[in-house]
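Subject: Two-chain model, handover and findings

Hello,

Please find the model below. My notes on it follow.

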Amino acid sequence: MRSILHVATHVFRDSVRDKVLYSIVAFAVILMVSSFLIGQLTAGQDVKIIKDLGLAAMSLFGLFIAIFIGVGLVSREIERRSIYAVLAKPVRRHEFVIGKYLGLVGTLLANLAVMAVAYYGVLEYMRFVMPPGQFKVTSPVVDPKLLIGIGMIAAELALVTAVALFWSTFSSSAMLSAALTAAMWVAGQFGTDLRNFDQVVKSPVAAGIGRALYYLLPNFAAFDVKSQVVHGVPVAGGYIAVTLLYGAAYAAMLLTASVFIFSRRDFK
Amino acid sequence: MAGVVGLQGYRERHFRTVEVDEQILYVRAPSVMMRLALSFKDVFADLYWIRAIQHYGTTRLSSSQDKHYELLYPLLDLATSLDPRFSIAYRFGALFLSEGAPGGANRPDQAVALLQKAMAANPERWEYPYDIGFVYYRNREYSKAAEWFRKAANVPGGPSWLSPLIAVTMTQGGDLRTSRFLWQNLLSSEERWVRTAAERRLTQLDAIEQIQQLQFLTSQYQRRYGNPPPTWDAMIKAGLLRDLPKDPTGVEYVLGQGSGTVTIDGASSLAPLPTEGAP
């Protein structure tokens with residue numbers, strides 16, 4: 001357990017030095033600047049648009065970090081040959097993989113936390129400058145329910161990290177791993193289409209493959225509750241719990257596979 | 001950096017670029033856009049909404065006599081498909097798609113289609129059937145308007161004033177007071193844009209009422225002197241007016257030479273006045 005924590009801490013420190021913080025600052029600045037510009041363009045929908053833009057930016061920035069740092073977690077160590085030094089220490093291979101995963105998830109969570117503070121700061125500012133009675137909305141400007149959306153983004157990113165790490169354990173090309181992770185994320189957005197594939201194809205075999213892919217591929221679309229939280233529509237607690245459980249189970253399965261593959265790799 | 005700025009400025013001054021006036025919408029099918037947007041549908045909905053406003057504003061303010069709002073419906077359709085709870089986009093559509101030319105697209109059919117889509121996605125909202133009734137009212141189809149006001153009244157949580165509105169629409173459709181009542185209800189809308197549009201329309205209705213009163217006074221002048229008033233000064237000298245008559249924005253009304261008809265000045269921000277509710 002201590003070894004896992006050591007590896008995780010090392011990844012966290014390394015990632016923070018790895019320009020991740022720059023993206024956070026860039027995000028915060030873009031969000032704040034856009035809040036002033038967008039207010040001029042959107043005919044009273046500035047708060048909705050800032051909420052949408054903020055959540056989308058958290059998701060997109062997080063996705064980039066999860067994919068591009070995630071795919072290099074293991075392959076970079078192999079490429080740099082620093083893996084020999086690591087494995088020479090009393091760190092078992094499964095501890096190394098799990099530590100790497102937890103380190104990046106920790107980085108992503110810290111990243112999201114800073115972005116969330118900037119996000120709420122901008123919304124608080126919008127509430128402050130809004131003339132009283134000038135704006136009526138279906139949900140409050142500074143709405144704690146937005147945290148549900150941010151939490152679901154975090155869960156989605158944790159799953160994306162597991163996918164990236166999985167590809168990283170047996171592919172020596174970081175670009176290929178990134179492409180495969182991105183492709184899986186995109187495919188995971190089409191869950192409904194895959195499930196209802198029988199409505200667009202006549203072949204029962206093709207429909208069956210579509211349905212099988214729906215169950216086998218990670219359903220990233222299920223984590224997307226951004227629209228609901230922005231509009232103040234309640235998201236059922238049961239739905240959140242089942243989706244989080246699904247994400248945890250899928251990530252655990254991928255980590256197990258990653259550990260299995262990594263344990264059998266020969267680095268000679 | 002200074003060099004780059006300088007070069008940009010030099011190019012601006014010496015090589016004028018040809019601006020393409022044509023507005024293009026590359027993806028029109030909402031089903032395609034919904035897939036292309038992946039998990040960023042709301043942001044794309046916002047972008048299409050901003051484009052819809054830009055399109056409407058640019059077309060409305062253009063100097064062209066022949067204004068076309070062809071992209072308004074496709075843009076609103078895309079925005080509301082990507083975000084089916086985008087209330088302002090539906091209600092904006094209702095107001096400006098149904099508005100007569102040149103201030104709007106003069107397409108009440110598209111306004112109704114957009115609002116029916118809103119109803120299908122948000123059956124708990126009474127505002128959308130109300131807005132459909134409003135579109136029919138503006139189109140002078142009073143029995144259809146009353147039918148939709150009834151549907152709005154049947155939505156749980158609908159306001160109590162909807163029931164008397166049904167009877168008023170059936171009996172006094174086209175009446176200026178009914179029109180004012182309908183617009184006043186929009187002043188309590190959630191959407192600032194709808195409220196702003198309602199405020200403007202209520203000011204226009206004030207102007208219509210003032211024109212009716214002025215028209216009555218010019219007819220009195222004609223009865224007294226046998227010919228229509230040549231100028232407002234003549235009306236003042238005759239004791240029918242105290243001052244030069246101005247619309248609510250402070251622009252003087254126009255008196256038709258030889259006819260005595262009173263109209264709003266084309267330079268007024270209230271022009272052109274709507275025809276709804278006018279006798």
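First, a term: helices (H or I, at least four residues) and strands (E, at least two) are DSSP runs, numbered from the N terminus. The model is predicted, so local features need pLDDT of at least 70, side-chain atom pairs count only at pLDDT 80 or more, and totals for chains, interfaces and linings use all residues. Residues are numbered from 1 along each chain as its sequence is written, while chains are lettered from A and ligands numbered from 1 in the order in which they are written.

**Confidence**

The model scores ipTM 0.87 and pTM 0.79. pLDDT is the predictor's confidence in each residue, from 0 to 100. Its average is 85 in chain A, where 92% of the residues score at least 70. For chain B the average is 86, with 93% of the residues at 70 or above.

In chain B the lowest mean is 71, in helix α9 (residues 162-172), and the highest is 96, in α6(B). Where pLDDT is low, the predicted coordinates should not be read in detail.

**Chain A overall**

Chain A has eleven helices and zero strands. Its C-alpha atoms fill a box of roughly 70 × 55 × 30 Å along the principal axes. Of its 268 residues, 39% are buried. Buried here means 20 or more other C-beta atoms within 10 Å of the residue's own; exposed means 12 or fewer, partly exposed lies in between, and C-beta atoms are placed from the backbone. Two residues are in contact if their C-beta atoms, placed from the backbone, lie within 7 Å. Among the contacts in chain A with a separation of 6 or more, 82% join residues 24 or more positions apart.

Axes are lines fitted to C-alpha atoms, for helices over the stretch in contact, and angles run from 0 to 180 degrees between N-to-C directions. A crossing is left-handed if the near helix is turned anticlockwise from the far one by less than a right angle, and right-handed if clockwise.

Take α5 (residues 93-129) of chain A first. Its axis comes within 10 Å of that of α6(A), and the two cross at roughly 150°. The crossing is right-handed. On the α5(A) side, the contact includes A:Leu104, A:Leu108 and A:Leu112; on the α6(A) side, A:Ala158, A:Ala162 and A:Leu165 are among the residues. By class, this contact has 15 nonpolar, two polar and one charged residue. Ala, Val, Leu, Ile, Met, Phe, Trp, Tyr, Cys and Pro count as nonpolar, Asp, Glu, Lys and Arg as charged, and the others, Gly among them, as polar.

Now α7. Helix α6 (residues 146-170) and helix α7 (residues 174-187) of chain A pack at about 145°, with axes 9 Å apart. This crossing is right-handed too. Residues in the contact include A:Val160, A:Ala164 and A:Trp167 of α6(A), and A:Leu180, A:Met184 and A:Trp185 of α7(A). Seven are nonpolar, three polar and none charged.

**Cores**

A nonpolar core is a set of buried Ala, Val, Leu, Ile, Met, Phe, Trp, Tyr and Cys residues joined through C-beta atoms within 7 Å. The largest has 125 residues, and A:Ala162, B:Leu72, B:Ala79 and B:Leu115 have the most contacts inside it. Its largest share, 16 residues, comes from α6(A). Apart from it lies another core, of five residues, including B:Trp232 and B:Met235.

Which residues does B:Leu115 touch, beyond four places in sequence? They are B:Tyr90, B:Ala94, B:Tyr128, B:Asp131 and B:Ile132.

B:Leu38 has a positive phi, near 50°, and is not a glycine. It sits in the loop between α2 (30-36) and α3 (41-61) of chain B. B:Leu38 counts as partly exposed because 18 other C-beta atoms lie within 10 Å.

B:Asn106, also not a glycine, has a positive phi of about 55°. Its loop runs between α5 (87-98) and α6 (108-121) of chain B. With 17 other C-beta atoms within 10 Å, B:Asn106 is partly exposed.

B:Arg195 lies in helix α11 (residues 192-225) of chain B. Beyond four places in sequence, B:Arg195 contacts B:Leu186, B:Leu187 and B:Ser189.

Best wishes
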